[in-house]
Amino acid sequence: MPRLNFGNWVEDAVKWLQTHMEWLFDFVSKVLTGMYDGVDKVLGAPEPLLMAGIFAVIAFWLRGLVPAVLAFVGFALIDSLQLWDDAMSTLSLVLVASVITIVIAVPLGIWSARNRTVSGVLRPVLDLMQTMPAFVYLIPGVMFFSIGPMPGLIATIIFSMPPGVRMTELGIRQVDGELVEAAEAFGTTPRDTLIRVQLPLALPTIMAGINQVIMLALSMVVIAGMAGAGGLGEQVYAAVTQVNIGGGVESGLAVVILAMYLDRMTGALNQRVSPLGRRALAKAAAAMRGAKLWHYRPGTAVATVGVVVLALIAGGMNLAQNDDKPSASASTNVGHGKQINMGYIPWDEGIATTFLWKELLEQRGYKPNVKQLDPGPLYSGIAKGDIDFQTDAWLPTTHKAYWAKYGSQMTDLGAWYGPTTLELTVPAYMKDINTLDDLKGKAGEFGGKITGIESSAGEMGLLKDKVLPAYGLDGEYKIVSSSTATMLADLDRQIAAKKPILVPLWSPHWAYSKYDLKKLKDTKGAWGKGDELHTVAAKGFESKDPTVAGWLKNFHMDEKQLSSLENTIQSAGKGKEQDGVRTWLKKNPKVADTLAPLPKDKGATAKGKEAGKVVNMGYFPWDEAIATTYLWENLLEDRGYKPKVKQLDPGPLYTALAQGQMDVQFDSWLPTTHKQYMDKYGDRLSDIGAWYGPTSLELTVPSYMKDVNTLDDLKEKAGEFGGKITGIESSAGEMGILKDKVMPAYGLDDDYKLVSSSTATMLADLDRSIAQKKPVVVSLWSPHWAYNKYDLKKLKDPKGAWGKGEKIHVVGKKTFGKDFPELNGWLKNFHMDDKDLASLEDQIQKGGKGNEKASARKWMDDHRDLVDKMAPVGS
């Protein structure tokens, strides 16, 4: 029977949804993430013991004194295990997922109870939702929403919904039919029958369903830790993958405490909210004799007062609390609190270098956020920009599949170690096995198995598809996938017992220094050439933080350094990786300044020779003029000058320069665009020099239009573009050249209509078309920030119809050089290339109107070396 490619159909459906429904996923993500963040802040803000007190008051209200004391002790234990923040994150995830699930499940259950057709349709759907392996739900979650809480929330909602629907339906169906008939006989409407009769009587069963929803949600959010959902799930997952028994027991115990609390509280809630429950509670209280204190439950009003008082105390403490966390000193605070998101696969060199860079970035004033992930979610997160970088990309072989899939959305910052080797390894006491050939016929010694690592690892694929077949071992040995930590634990156990074991390993690895191992020689070269270990970053990371990107590009470690770092981290123990890094850095004090060098002292705050002078700068509202003017305003303030900035139209600005009322402006397009002003005022102006050029005018299309590369290619394709070219202001010189020269030169004047608008309207149309991947052709020019923000293609002009490009000059008043000799020297040497100017303009665009100066400052902070070259002190 031919294979049914159901999986391919599902993948195609997912791709279609990603392409056409991204707006919906973004909306859902914003709503759910906002809900989660809000709940997490509320639960995580108070001091842990105060929050434990609030939980204890709730337990006192619902269950009594003894459960309240036990609840407080349980949550205090979580705090003592230093898992409080993780526990609150997990609880937030459970609460948000459970509320959403209940809001959907209860109405569906009611509908199913009242309509057998709906019940029949929902039953198989619920069966599928409940029996599908929970891990499967994480895959589309990661694809649609990337890593983080979102995949966990979505998977949790789907996985925990069936019992909510089924128990609601069951509860309503179990209500005595005679009671329903009696209500209907007295003229009760179906709505009132449901609300006043069926729901109150079905409430115990519905509450049991809600209890199951919460329990399933809790079990699922732990699994969601694999996709970076955080909380206790991440701690459990990290402990499992690293065979950290202590950490696993501690985080597992915290999960148990949460589960018991939620189970007991939701079970008791029925007695407070349902008529039957309140009646049973009243009977129990009336029958109570002696020791009433132990069974006393305060009223709702008293419990509410207790919760409010504790919450107010917690709020007051938060307001009065100072941040006692250590921070970088002024001289080392390069990051200024900027967050950097890092991910790692739990491989030793990945753990070592990730926590090394976490420590270095903290020392430099950044706030690094670290997540452990499997390779798939990690690369997906980098491609989507949720993870800034990771340091353990094995290229070109081991991680080839991920690079092939996501490479266009990532940046390779370079190799920091290599070449590596992949190998099969045995203990050195196995004297008769030295090469891969020696394994033939000896499967019995190893129990017929090779203890492997993660099945997703490229090494496992090579071993299965190339190495074993090359030596005729594929029918003799079974590869057992596990995890790196599990494989190492098995290796340790077998060596301690001096038993045979065969495992895949790689170099570098600390195991070769801890154990006496033997790499089996690959006489046939089946493993291929070794990989290099690369640092891989999200596509825009170099623009986001060029300082860190620069450090990572120059990052290198040799085998001695890496193995000593790994060994120090191993010695520190599980969960103390950063402590191990700090110990290693103390032994290697020069490493920090080598890997993350600080800028030179005489940078931002050094004063110029002419500090205190007022400089009047003018600009007209063109992007490059705005960008450079505010750049120099910030820079001159740093050098002690007193710049004053004014926006003017070109005519008044050139007039003011000629009259000496303005000192300088940065956006003279010469020799053509501003020719009339230079002809009129040139003898009263000072041309300080060109800082950019040549400029160019062009028609531009998105890069995804593969068949349109030159102006000739536009001919006969007017239909694709709706017969229009989206232009800018009709008064712009570019529009005249386009209409009178370019379009006639290429025979486009009959097929295309040149639509005049404004620069802002043209850019909005470009943004909208690119978002929908539709064809669009617009008039643009270089330099322009759009080339930094979008992936665009300038259409070549083989006939030279646009003419020659211009240069952008700094022009000052006649006596500028005499009045400002230091600044004049700086401006004569002022130059910017396409990349730097586009990134500056883009930063200002992102900052929004009115924030140009602050945006330019932010760009300067990220380009300190470049800025210091513009205005070198003492030159």
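User: Which residue stands opposite Lys518 in S9?

Analyst: That's Val426. Before we go on, this is a predicted model, where local features need pLDDT of at least 70, side-chain atom pairs count only at pLDDT 80 or more, and totals for chains, interfaces and linings use all residues. Residues are numbered from 1 along each chain as its sequence is written, and side-chain values use heavy atoms, with hydrogens and water left out.

User: OK. How many bridges join S5 to S9?

Analyst: 3 bridges, and the two strands run antiparallel. S5 covers residues 421-427. Strands here are DSSP runs of E with at least two residues, helices are runs of H or I with at least four, and both are numbered from the N terminus. Two strands pair if DSSP finds at least two bridges between them.

User: What's the strand order in that sheet?

Analyst: S8-S5-S9, an open sheet of 3 strands with antiparallel pairing. The edge strands, each pairing on one side only, are S8 (503-507) and S9 (517-519). The twist averages 50° from one strand to the next. Angles run from 0 to 180 degrees between N-to-C directions, with axes fitted to C-alpha atoms, for helices over the stretch in contact.

User: Which strands does H19 touch?

Analyst: S5 and S8. H19 is residues 458-470, and its direction makes about 125° with that of S8. H20 (484-496) packs on the sheet too, touching S5, S8 and S9, at about 110° to S8. Contact means heavy atoms within 4.5 Å.

User: Switching to rings. How many aromatic pairs does the structure hold?

Analyst: 26. Rings of Phe, Tyr and Trp (its six-membered ring) pair if their centres lie within 6.5 Å; planes under 30 degrees apart are stacked, over 60 edge-to-face, and the rest tilted. One of them is Phe446 with Tyr477, tilted, 6.4 Å centre to centre and 50° between the planes.

User: Why does that pair tie together parts that are 31 residues apart in sequence?

Analyst: Because Phe446 lies in the loop between S5 and S6 (449-451), while Tyr477 lies in the loop between H19 and S7 (478-480).

User: Is Phe446 buried or exposed?

Analyst: Buried, with a relative accessible area of 6%. Tyr477 is buried as well, at 5%. Buried means under 20% relative accessible area, exposed over 50%, and partly exposed in between (1.4 Å probe, protein chains only).

User: Which residues do ring pairs link into a cluster?

Analyst: Trp632, Phe666, Trp691, Tyr692 and Phe830. Trp691 and Tyr692 are both buried.
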